[in-house]
Amino acid sequence: MDISVTDPLPRQYVVMGGTFDPVHNGHLKSAQQLAQTLGYSAVHLMPCGDAYHKQGVSQAIHRVAMLKLAVADEPLLTVDERETKRQGATYTVDTLAQLREELGQDTHISWILGTDAALGLSDWHNWQQVFKLANIILIHRAGEHLPKGVTDKWAANEYLDPLSFKQQSHGGFIQLGLEPFQESSTAIRQALETEQSVDHHVPQAVLNYIEQHGLYRGNH
Ligand code: ATP
């Protein structure tokens, strides 16, 4: 799809990467709110393939299936499965390089990071390449704050104005205080393991899938 020369902004591709084991309402609501607040037409939820940094992650086939069910009625959200189709460990820089090649030099590419993930950014494989390929949107979970100085190490410019930020193809970051959503996949998995209700934290279609496949009960 070519962009018209009269369009005021370059094309945009915004990614929320994660394990999504399982996807929960915190992911969905924060991605939606982010799209609305910054005026993006879509946020692409991208489950990682081989999560080299986490042990015992559910098979990608289940995580992708749950994500697809979760976004079925969400107009602003889509699933990008590309990382689950690659062999070997999933490195974000490889994904960003692939996106950059596909979308061209002018496209605004942004990767969403929660506070926890932002703290670990400098441990990522080839992390210095991230800002040569993309921007970062920092979102903060309930009660979490990024300690002072963390972003000073980033070779990136901070933007306060979303319009200017969205003009950048790469090399920038913006911080977004979203309404806090308490859910975490860890808490959801623990609740399911101990037979507690997660009804208001996970979409019903995802819960049905979890039941049908006996996930998170210690038998998958
Ligand atoms: P886990 O508990 O297994 O570590 P998680 O709930 O943090 O999982 P991930 O799939 O690792 O989920 O997260 C994907 C992205 O979504 C990360 O950037 C993470 O910071 C963000 N995120 C997760 N939960 C929330 C939430 N409740 N509100 C806002 N962002 C969230």
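## Cores and aromatic pairs in a predicted model

Setting aside neighbours within four places in sequence, V43 is in contact with V14, M16, A31, L34, A35, L76, L77, T78 and I112, where contact means heavy atoms within 4.5 Å. This is a predicted model, in which local features need pLDDT of at least 70 and side-chain atom pairs count only at pLDDT 80 or more, while totals for chains, interfaces and linings use all residues. Residues are numbered from 1 along each chain as its sequence is written, and side-chain values use heavy atoms, with hydrogens and water left out.

**Nonpolar cores**

- The largest nonpolar core has 36 residues, and L34, V43, L45 and I137 touch the most other members. A core here is a set of buried Ala, Val, Leu, Ile, Met, Phe, Trp, Tyr and Cys residues joined through side-chain atoms within 4.5 Å, with buried meaning under 20% relative accessible area, exposed over 50% and partly exposed in between (1.4 Å probe, protein chains only).
- Elements giving two or more residues to this core include β1 (12–18), α1 (25–38), β2 (43–47) and α8 (204–213); helices (H or I, at least four residues) and strands (E, at least two) are DSSP runs, numbered from the N terminus.
- The most comes from α1, which gives five residues to this core.
- There is also a second, separate core of 25 residues, with Y13, W127, L138 and V150 among them.
- In soluble globular proteins, nonpolar side chains tend to be buried together.

**Aromatic pairs**

- Three aromatic pairs turn up in a search of the whole structure. Rings of Phe, Tyr and Trp (its six-membered ring) pair if their centres lie within 6.5 Å; planes under 30 degrees apart count as stacked, over 60 as edge-to-face and the rest as tilted.
- F131 and W154 have ring centres 5.5 Å apart and planes at 35°, so this pair is tilted.
- That pair links distant parts of the chain, 23 residues apart: F131 sits in helix α5 (residues 130–133) and W154 in the loop between β5 and β6 (157–158).
- F131 counts as buried at 4% relative accessibility, and W154 counts as buried at 6%.
- Y159 and F165 make a tilted pair too, at 6.1 Å centre to centre with 55° between the planes. F165 is buried, with a relative accessible area of 0%.
- F131, W154 and F173 together form one aromatic cluster.

- S184 lies in the loop between β7 (172–176) and α7 (185–193), and S184 counts as buried at 18% relative accessibility.
- The S184 side chain reaches the backbone nitrogen of A187 at 3.1 Å.

Conventions:
Polar contact = N/O pair within 3.5 Å; in protein donor to acceptor, adjacent residues only side chain to side chain.
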